[in-house]
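Look at the model below. This report goes through its side-chain contacts, its packing and one loop.

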Amino acid sequence: MSEGIEPSSAIVIFKGYSKPPKQIDDGNRDLEKEIIQDGLTLFFPFAISSLDDTISCADGKTYKILDYDDDESAESYEEITVLPDEMNILGLTTRFYADCLVFETASYYLGAHVAPPPSIDIQEKLGFLQEPIEGYISRFVF
């Protein structure tokens, strides 16, 4: 989503709700090994907010944040649990369980110095971002 950033450095290791997510800056990661052999859950970013009223996504598209004051847009906001912002990235977790890859939509809270520590939370409702993320996943899974 951003030029000049090694893509795998944005992928975070998630070892469970009791431990903070871990980011690895090594560009030589074997993600398949991490998921299948090591049994790790990885968080892949999909949507980050921009400085304006748009959301940049890993599918290469930019989506406009709907006007909350508009009645029709308000329904979409009710469907989405977390909007991406400076502290929250929307994406998906991927893990290998019972010989299957399991994908779950999630948010990655980056944490702050005086706020709760970094965390990853499963998000079931992504509103207007649901279709784009499902379409993105389907490009990689047969």
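## A loop with positive phi

Asp99 is exposed, with 68% relative accessible area. Here, exposed means over 50% relative accessible area, buried means under 20%, and partly exposed lies in between (1.4 Å probe, protein chains only). The model is predicted, so local features need pLDDT of at least 70 and side-chain atom pairs pLDDT 80 or more, while totals for chains, interfaces and linings use all residues. Residues are numbered from 1 along each chain as its sequence is written, and side-chain values use heavy atoms, leaving out hydrogens and water.

Asp99 lies in the loop between strand 6 and strand 7. Ala98 is found in the loop between strand 6 and strand 7 (100-109). Helices (H or I, at least four residues) and strands (E, at least two) are DSSP runs, numbered from the N terminus. Ala98 is exposed, with a relative accessible area of 60%.

Most residues other than glycine have a negative phi. Ala98 has a positive value, near 55 degrees. Asp99 has a positive phi too, near 60 degrees.

## Salt bridges

Side chains of opposite charge can pair when their charged atoms come close. A salt bridge needs a side-chain nitrogen of Lys or Arg within 4 Å of a carboxyl oxygen of Asp or Glu. The count by this rule is three.

| Salt bridge | N to O distance |
|---|---|
| Arg29 and Glu34 | 2.7 Å |
| Lys33 and Asp38 | 3.0 Å |
| Arg95 and Glu104 | 3.7 Å |

Are Arg29 and Glu34 buried or exposed? Arg29 counts as buried, at 13% relative accessibility. Glu34 counts as buried at 9%. Lys33 is partly exposed at 35%, and Asp38 is partly exposed at 39%. Arg95 is partly exposed at 26%, and Glu104 is partly exposed at 27%.

Arg95 has another contact. Arg95 lies over the face of Tyr97, 5.7 Å from the ring centre. For this, NZ of Lys or CZ of Arg must be within 6 Å of the ring centre and within 35 degrees of the ring normal.

## Aromatic pairs and cores

How many aromatic pairs does a search of the whole structure find? It finds two. In one, the ring centres of Phe46 and Tyr136 are 5.5 Å apart and the planes are at 55 degrees, so the pair is tilted. Phe46 lies in strand 3 (residues 41-49) and Tyr136 in helix 3, so the pair ties together parts that are 90 residues apart in sequence. Rings of Phe, Tyr and Trp (its six-membered ring) pair if their centres lie within 6.5 Å; planes under 30 degrees apart are stacked, over 60 edge-to-face, and the rest tilted. Both Phe46 and Tyr136 are buried.

In soluble globular proteins, nonpolar side chains tend to be buried together. A nonpolar core is a set of buried Ala, Val, Leu, Ile, Met, Phe, Trp, Tyr and Cys residues joined through side-chain atoms within 4.5 Å. The largest one has 14 residues, and those with the most contacts inside it include Phe46, Ile55 and Leu90. Strand 3, strand 4 (54-57), strand 6 (88-97) and helix 3 each give two or more residues to this core. Helix 3 gives the most, with three. A second, separate core has seven residues, among them Phe14 and Phe43.

## An exposed phenylalanine

Phe140 lies in the segment after helix 3 (130-138). Phe140 is exposed, with a relative accessible area of 52%.
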